Amino acid sequence: MNAPGAERRRSLHGEWTSRLGFILALAGSAVGLGNIWRFPYVAGQNGGGAFVLVYLVCVFAIGLPIMMSEVLIGRRGRRNPVRTMALLGEEEAGTRAWGLVGLLGVFTGFLILSFYSVIGGWTVAYIVEAASGAFVNAGADDVARIFSGIVSSPAVAGVWHTLFMILTIGVVVLGVEQGLERAVRVLVPALVALMLVLLGYSMTTGSFLQGVVFLFEPRFDELTGDSVLAALGQAFFTLSVGMGAVMTYGAYLPDHESIPRASIAVVIADTSIALLAGLVIFPIVFAHGLDPASGPGLVFQSLPLAFGQMPGGVIVATLFFLLLTFAAWTSAISILEPAVAFFMETWELTRAKAAVIVGTLIWLLGFVTVLSFGPWSDFRFWRGTWFDNIDHISNNLFLPIGGLAIVVFAGWVMARNSTADELDPEAGRGYRLWRISARYLAPVAVTLTLLSGLELF
Ligand code: TRP
């Protein structure tokens, strides 16, 4: 029934201890800076409502089937993304060339983590600012000064980036089972609870309605090919799909666990948290006359204004940036893990050695991003600064290209029996829905969006 050679394989790096463990790890990967930092500022830059609508369609119609494809490929191959794709490619189509898709993913992970760690560093720096009471009664100018004091100084931003990278390498050295599951179980719910407190504050700003309208009223004249591509890129980024991170976590998933159920739960949770972040931030932005399109500083310059006004603001702010750091941390771990698994298996390194080598390379590359927010911020080419370019290339181009290859592989190259075997042995309606999106909907939509974003038509 199965493709030849498809006997059950064992994971090379251990397995999750429970289904909840896998859902939590996947949620820990998905929920991070993408929801709270990137979603609001990219939505702000792309005019709000219409962008958000396209983003939601991308998440459920494209991101979800791709997530399921990644998990099923990962669990079937049970190796790092490069070897898994090569192995299944050989098994299903007689060619190991599919390993190149894994290689693109490993490379994309390098690029993404190199800037992700810098922003993670900002959140760590903000824990200290918040705890020291720097935001108490601060106005927009004060907060802007605090923000630029961190990001425009390579020494300051560099130290926090270094610390964040050490934290990330540390957990990856310990391995996927230890710590991660337990941390996410407490921290994601705590983050949501705190965001609900902030939502309560946003409702009192007097600009809550304006924020809601900005976020949800579609004004389609604001929509360009570029912003549709940005919505697709954000969908991939926030769900962690397109580079093999989910595939790598899938490789550690026990055989009997249901992939669709875990994926749907994670996608819904991730989307809710992003929308919640938008509902918190935009009312504050409008209440203080800030520019929603101001870019990567948006969250860091708006939320402190709320913390500075509310009772108990020092504690709420400190807790918030602490939890955001943890959320970023559990995501960063999942960006590093595929490359580490690849290095371990390819050069027979220990986990510790692989993590330190890969982590150090990414840490070094991160300094270009550090500098691009500081002394090199006037050095602009193509889409803007180095950060703007690396962000665009990795999230809006490489993730969709990787995701396209993954979903085409799962939908067209893999035998129906192989995918049904992983997703749903009874091949019911849910399976057929997945297969239609994996074969037609997702590939066509991603291709069209890429082409229009590249202005090829
Ligand atoms: N999804 C995470 C966030 O929203 C970031 C992330 C983790 C990621 N793993 C990834 C992005 C893999 C792209 C690919 O913060």
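**Pockets, cavities and a ligand**

Author: Start with the lining of the largest pocket: by class it has eight nonpolar, nine polar and three charged residues. Here Ala, Val, Leu, Ile, Met, Phe, Trp, Tyr, Cys and Pro count as nonpolar, Asp, Glu, Lys and Arg as charged, and the others, Gly among them, as polar. This is a predicted model, where local features need pLDDT of at least 70 and side-chain atom pairs count only at pLDDT 80 or more, while totals for chains, interfaces and linings use all residues. Residues are numbered from 1 along each chain as its sequence is written, and side-chain values use heavy atoms, with hydrogens and water left out.

Reader: What volume does the largest pocket have, and which residues lie closest to its centre?

Author: Rolling a probe the size of a water molecule over the atoms shows where empty space is left. On a 1 Å grid over the protein atoms alone, a cavity is a set of points where a 1.4 Å probe fits but cannot get out, and a pocket is an open set with protein on both sides within 12 Å along at least five of seven lines; lining residues have an atom within 4 Å of a point. The largest pocket has a volume of about 350 Å³. Phe-147, Ser-294, Pro-296, Gly-297 and Phe-373 are the closest to its centre, out of 20 lining residues. Helix 6 (140-151) gives the most to that lining, three residues.

Reader: And how many cavities of 30 Å³ or more are there?

Author: Five. A volume is the space filled by probe spheres set on the points, which are joined across faces, edges and corners. The largest cavity comes to about 150 Å³. Its lining has 19 residues, with Ser-29, Ile-112, Phe-237, Ser-240 and Ile-335 nearest the centre. By class, that lining has twelve nonpolar, seven polar and no charged residues.

Reader: Where does the ligand sit?

Author: In the largest cavity, going by the rule that more than half of a molecule's atoms lie within 2 Å of the grid points.

Technical notes. Helix = DSSP H or I, 4+ residues; strand = E, 2+ residues; numbered from the N terminus.
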